[in-house]
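My entries follow in the order I made them.

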Amino acid sequence: MVANGSLSKLFLKRDYPPIDMKAEIDKINEEKLISKFSDDQRQTSFIDQIINIAKPDIKISVYWKVNSKPPNFQLYYQLKAVDTYTGELVSSADGFGPESRSALIGELIEQSVNDKMDDFINTFQTYFNKMEEEGRKVQLEVAISEGFTGNLEKEYTIDGESLPLKEIISDWMTENAKSEPNAVVNKTKMTLKDIRIPLNRVKKSSKSGKPSAVNAQTFLDELRQYLKSTLQINSTVESRGLGLAKIIIGTPAPE
């Protein structure tokens, strides 16, 4: 806990409030949200559950080892910042701290990491600034349920024009995403890899007008609402983590 406190203090000094993962674990336990298997029997790791609830943009991993060099001690450390949506390495730093005879672990960490912290943060801040401008990279899937009459080539009329469903969805993606959809499509499935979506968006139902964070699931929820209101097509959205989600067309409407 002392080591975690020392690291948190270094980030807070630079206006980067960290998420307390211990608090998030306690929250999961209290709310009994831990489940070994999802409905389709795919196991979800405990850390993924925490990330899906806390929704951090960047996950920072810290590793350290205290080397004994009698009569002194020296700390070796590694810092890694990873995009929680894509798994991409955003920033990293490693090295040895100064030797000490009496410093506690927290003090050794603070002495070792402090000099590298600004460069480490500046690198992932540059990444985040670019993401804010160009959009967050995610992977989206569109699938047809067995109960749906038709496929992605079935045509619907919008504004007096008859268009296949795949084109209607693609046009919606173009209108709402931050990058042009580069989709792999067949009659029953559409896969959009590395499509960029906004980081934040004001929900139509918002009374305050304040923007909310957007992830793969919430983005596809907007598509689900559009298909329902415009074409009277029911669908459901499944999340596979912050950066991967699937919309299933033609699932029964909720009772």
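I counted two strands as paired if DSSP finds at least two bridges between them. Strands (E, at least two residues) and helices (H or I, at least four) are DSSP runs, numbered from the N terminus. The model is predicted, so I note that local features need pLDDT of at least 70 and side-chain atom pairs count only at pLDDT 80 or more, while totals for chains, interfaces and linings use all residues. Residues are numbered from 1 along each chain as its sequence is written, and side-chain values use heavy atoms, with hydrogens and water left out.

Entry one, the sheet. I looked up Tyr-77 and found that it stands opposite Gly-95 in β3. Strand β2 (residues 72-83) pairs with β3 in the antiparallel sense, over 7 bridges. The open sheet has 3 strands, in the order β1-β2-β3, with antiparallel pairing. β1 (58-69) and β3 (89-96) are the edge strands, each pairing on one side only. From one strand to the next the twist averages 10 degrees. I then checked α4, which packs on the sheet and touches β1, β2 and β3 (contact: heavy atoms within 4.5 Å). The direction of α4 makes about 20 degrees with that of β2; axes are lines fitted to C-alpha atoms, for helices over the stretch in contact, and angles run from 0 to 180 degrees between N-to-C directions.

Entry two, the glycine. I found Gly-135 in the loop between α4 (105-134) and β4 (136-144). Not counting residues up to four places away in sequence, Gly-135 touches Lys-130, Lys-178, Arg-196, Ile-197 and Leu-199. Gly-135 and Ile-195 are 60 residues apart in sequence and 8.6 Å apart in space, C-alpha to C-alpha.
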